[in-house]
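My entries follow in the order in which I made them.

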Amino acid sequence: MMYEVRDLQLSLPDMVRKPLLGPAPKIDILKGISFDLPKKSVLGIVGGSGSGKSTLGRTMVRLLEPSAGHIKFDGQDVSHMGEEKLRPLRRRFQMIFQDPMSSLNPRQRIGRIIAAPLELHGWDNVAQRAIEALVMVGLPESFAKRYPHELSGGQRQRVGIARAIALQPEFILADEIVSGLDVSSQAQVLILLEDLVRELDLTLAFVSHDLSVVRRLCDQVIVMREGLIVENAPTATLFTSPQDDYTKELLAAIPLPDPDQPFN
Amino acid sequence: MLCSIQSYAMRDTRSEIRPKLGIRLWLCGGWLFCLVLGALFAPWISPQDPLAQDLFAARLPPFWVAGSEPGFWLGTDSLGRDVLSRMLHGARLALIVAFIAGTLTCLIGSTLGIFAGYYQGWADRVISRFIDIWMAFPPVLFAILLIAVIGTGMTSIIIAIIIIDWTRFTRVVRAETMSQSVMDYIASAQVAGRGKFSTMVSEILPNLLPTIVVLLSLEMGIAVIVEAILSFVNLSISTDSPTWGGMIAEGRISIHQAWWVLVFPLIALFLTVLSFSQFGEGLKDRFDPVLR
Amino acid sequence: MIAYLSIRNLSVSLSNGPEILRSISLDVDAGEVHGLVGESGAGKSIIGKSVLGILPRAMGITSGEIWLDGVNLLSLSVAQRRRRIGALAALIPQDPLTALNPSRRIGPQITRRLVGILGWSKSAAQARALELLKEVHIENPEHVMRSYPHELSGGMRQRVLIASAFAAEPKLIIADEPTTALDVTVQKQILRLVGEMQARHRTALLFVTHDLGVVSKVCDHLSVLYAGMIVEKSQMRSFFAAPSHPYSRALLAASPKYDDLSGGLVPVPQAVIDQLDGEITAFDKGSRT
């Protein structure tokens, strides 16, 4: 198993309702999540805004620490591991962010952005490896000298992918990576990801609010609502015979490019 | 193995454009450059001894007004001292104070600001409360009081400026750091395994630099003003070394007989402060990769 | 007979040269919904902004006519144009968060236009706002009127903005990606609501979107844009039955289709992009001579 997640809970202080004095009240974002993610499989995590899907993802790569429950990565319990002990593990699980503008340091060149993590883990030939990663995601070598704002949205997202794969991780979390893109860039990025998963033997968790982009990529889909998993099923089953009402509602709400789709 | 991916590789179609330096940067930089040269070589290029009094040559007008004398280009004051020479010597003090006080204020204020903004928690609480208390003092009165206690002199002026103005840097840098810390590139550095301090230095600091440069140049201008104000109230260096503020104070008395004693140092002060602030803005526009 | 909104040969360019819109023509009649589809940078939002006279400072209309209710807006003075647009047209914006002033209550934000521009009495405007909030299916409208924007969910805010757009009974509404920031389930409700309001008030609606799925749910006609040029203009059903331009077909193939495992998510082929670039070069040459 790449990931074993058991009864995962997470609550954060609610700054909006914080009283003038004293601690802020806690709100529960994740309310007991359990699932297994086998190696070399692709998991879709789907839900509306506020469902906790991104929080779940960020807890899996330990950007957040769970309040209760366990996350095992490749057999090791990482739920409360300190940053020092996590560091060697960090190379093995990487993340691609939703907003490619804010996830790329605006004042670093692309080559530097990709090479910095490699340097950090003590690799050699980092500049060369960064360029190889760029080429793998279909960008020209000359992009290494550019700044993020000089790229289009789709190109920036490719840089995000290049940065993640350059470290040769075993697991990648893709957090809403196509939601800000045009349909054609969306298709390109998804196909790129599909190819990379196959060719690099990656395990992937794909967080999305849009069920329609999940079908092609994922083997298994988790549907989340208000911090809970309402359905966990193989992709084909989920799309052909959804069990939970919320899943059915989500599916029915996707506008297909077809005037005859029942939509009321 | 990757032929399938390269088949839809993108083309790089951008052409390299280098922006022009801009008239603003040239003008401000030019004035500051001349000023630095003038200050550096003041003892050699000054037409007269700035301290030499000659009561027979008192209140000579500048060179284009009838009654002027050669050698006294911008006229003389009521003690017959040459205005141009005094301004050149005054520039030395003004610039030394601007560079040293500006840089130190910037270093101290920005360091506190970035720590408060990035580590937050108790570091932020201590620093922020301290700023709140600090800002409740009237700054110039505070500086005057300080100099009255520790005595006049260059060091006192520099310390006074730092004490008055570090909060300006700390507040702005702290706010900017906080808004950068929530960006995903910080999370991304964490995912890559970068430590907290290293993230602050290598990821956040480069994004603060444009703001810091602008603040620093502004601060240098402010330092020139503060120095002038302190000279004006006679709390600067010893009374016999020429300062712009001191010249303005003296010129004020004889404004009706000799306007030039007041006006020329005032123009120099104005141009210098303006140039400092515009120079910083210009540098940012020219060298910030995000704006280019 | 001229259509209610008729845009003829509209060209817009940046002040330093590059063309944003290339001789756009389209008609929208009362009670009709016209979809503007394209990828980002295609200029679809710019069309709506040109009509409303809210182009960014760096852009200007270089030629063309915009007829609204029988008057060419571009022949009017700026003040006259503004008054006319204010009385006849309204906008449903994309981002329901930034479109509302965070420091004012909802009520005054809806009534402001009625009182300020159209000279309604305060109580009449108040009553009208309440009625509109009911019309967009907001339960407890009195409470919402007194709320601040941050107290409402994204879907609620978008409902408020729709109510506010219909407040002055405009005859033309421009909806600029009104559901892009929303969840699919909320999007479905909002799309239904927009359709319902549009039909009841018989407004002409210009609907800007990047999503062909959304177009198939709300539009009667559509124009597909690429780089500021209309590459295909068609009746909605005939478009989805048989799109004629290769780019339209490619966009359709790129749209995700969850009901069809083999289909969907095909990137636009390079050949199609080359063809489009060729068409644009040809157009630019033709317009220059």
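**Entry 1, ground rules.** I am working from a predicted model, in which local features need pLDDT of at least 70, side-chain atom pairs count only at pLDDT 80 or more, and totals for chains, interfaces and linings use all residues. Residues are numbered from 1 along each chain as its sequence is written, while chains are lettered from A and ligands numbered from 1 in the order in which they are written.

I looked up the secondary structure and found nine helices and ten strands in chain A. Helices (H or I, at least four residues) and strands (E, at least two) are DSSP runs, numbered from the N terminus. The C-alpha trace spans about 55 × 50 × 40 Å along its principal axes.

Is β9(A) covered or open? I found β9 (residues 220-225) of chain A mostly covered, with six of its six residues buried. A:Gln220, A:Ile222 and A:Met224 point one way, A:Val221, A:Val223 and A:Arg225 the other, and all are buried. In a regular strand the side chains alternate between the two faces of the sheet.

I then checked the neighbours of β9(A); strands count as paired if DSSP finds at least two bridges between them. Strand β3 (residues 42-47) of chain A runs parallel to β9(A), joined by five bridges, and A:Ile45 stands opposite A:Ile222. Strand β10 (residues 228-234) of chain A pairs with β9(A) in the antiparallel sense over six bridges, with A:Met224 opposite A:Ile229. The hairpin of β9(A) and β10(A) has two residues between the strands, and A:Glu226 takes a positive phi near 50° there.

**Entry 4, a second sheet to note in chain A.** I traced an open sheet of four strands in the order β2-β1-β4-β5 (chain A), with antiparallel pairing. Its edge strands are β2 (26-37) and β5 (76-77), each pairing on one side only. Strand β4 (residues 68-73) and β5(A) pair over two bridges, and A:Lys72 has A:Asp77 as its bridge partner in β5(A).

I listed eleven helices and ten strands in chain C. Its C-alpha trace spans about 60 × 50 × 35 Å along the principal axes, and buried residues make up 44% of its 289 residues. Strand β1 (residues 5-14) of chain C runs antiparallel to β2 (residues 19-28), with six bridges between them; C:Leu5 has C:Val28 as its bridge partner in β2(C). Four residues lie between these strands in the hairpin, where C:Gly17 takes a positive phi near 125°. Eight bridges join β1(C) to β4 (residues 59-68) of chain C, also antiparallel, and C:Ser13 has C:Gly60 as its bridge partner in β4(C).

I compared end-to-end distances with the expected span, which is 1.5 Å times one less than the number of residues. The twelve residues of α6 (residues 139-150) of chain B should span 16 Å, and its end C-alpha atoms are 16 Å apart, which agrees. Just after α6(B), B:Gly151 takes a positive phi of about 90°. Helix α7 (residues 154-181) of chain B has 28 residues and reaches 39 Å, close to the 40 Å expected. I noted a bend of about 40° in α7(B) at B:Asp165, taken as the angle between axes fitted to the seven residues ending there and the seven starting there.

**Entry 7, contacts between chains.** How many residues of chain A are in contact with chain B? I found 34 residues of chain A in contact with 26 of chain B, contact meaning C-beta atoms, placed from the backbone, within 7 Å. The largest share of the chain A side, four residues, comes from α6(A).

For the other pair, 32 residues of chain C are in contact with 28 residues of chain A. Helices α7 (184-201), α8 (212-218), α9 (236-241) and α10 (246-254) of chain C each give two or more residues to that side of chain C.

Terms used
Two residues are in contact if their C-beta atoms, placed from the backbone, lie within 7 Å. A residue is buried if 20 or more other C-beta atoms lie within 10 Å of its own, exposed if 12 or fewer, and partly exposed in between; C-beta atoms are placed from the backbone.
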